[in-house]
Amino acid sequence: MAACSFTVRLERPDGAWSFSAREDEYLLYSMQDAGIEGPVICEQGWCLACAAVLVSGAVDRSAALTNYPEDAAAGFVLLCSTRPLSDLVLRQDMHETRRAMTQHRIGLNQLARAYPPGARTGFRRGRARPAEADTQ
Ligand code: FES
């Protein structure tokens, strides 16, 4: 069965883009496939380089190596390890969003840019494996 695709609007201080994102692909890679570059370091959901703010829509953040409910409550998403579950509007300021998310986590005494225990080595690229929690 073919994966669903959603429309994602990404708003940045230097412009706005719309791109198609498959439900089984991390948002970062859908962006890159659409020719949109953005900040990225770990690609595992812990360095916060790819932080963005979810303005509207639903996502699955569960693949991030650091994933706190408080991130979702504050609207933060890590594009490298987040899959879309609906059409989305995202906002990202390459200078401010990462800083804001880092400060948010530090304020809660959570990992922010630290290498998390149990982190895998190497980079992952390609299709996400649907989490069991997503199967209904
Ligand atoms: S690139 Fe490190 S958290 Fe996304």
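Predicted model: local features only at pLDDT ≥ 70, side-chain atom pairs only at ≥ 80, totals over all residues.

**From layout to core**

The protein chain has 3 helices and 7 strands, where helices (H or I, at least four residues) and strands (E, at least two) are DSSP runs, numbered from the N terminus. Residues are numbered from 1 along each chain as its sequence is written, and side-chain values use heavy atoms, with hydrogens and water left out.

If you follow the chain from the N terminus, the elements come in the order β-β-α-β-β-α-β-β-β-α. Of the 136 residues, 44% are buried, and buried means under 20% relative accessible area, with exposed being over 50% and partly exposed in between, using a 1.4 Å probe and protein chains only.

Let us turn to the sheet. Which order do the strands of the open sheet take? The sheet has 5 strands in the order β2-β1-β7-β3-β5, and its pairing is mixed; two strands count as paired if DSSP finds at least two bridges between them. Because β2 (15-22) and β5 (76-78) stand at the edges with a single partner strand each, one side of each has no neighbour in the sheet. Neighbouring strands here are turned by 35 degrees against each other on average, direction ignored, with axes being lines fitted to C-alpha atoms, for helices over the stretch in contact, and angles running from 0 to 180 degrees between N-to-C directions.

Helix α3 (residues 96-107) lies across β3 and β5, running at about 110 degrees to β5.

The largest nonpolar core has 26 residues, a nonpolar core being a set of buried Ala, Val, Leu, Ile, Met, Phe, Trp, Tyr and Cys residues joined through side-chain atoms within 4.5 Å. Its largest share, 4 residues, comes from α1. Phe19 is one of the residues with the most contacts inside this core, and, leaving aside residues up to four places away in sequence, Phe19 touches residues including Phe6, Val8, Leu27 and Met31, where contact means heavy atoms within 4.5 Å.
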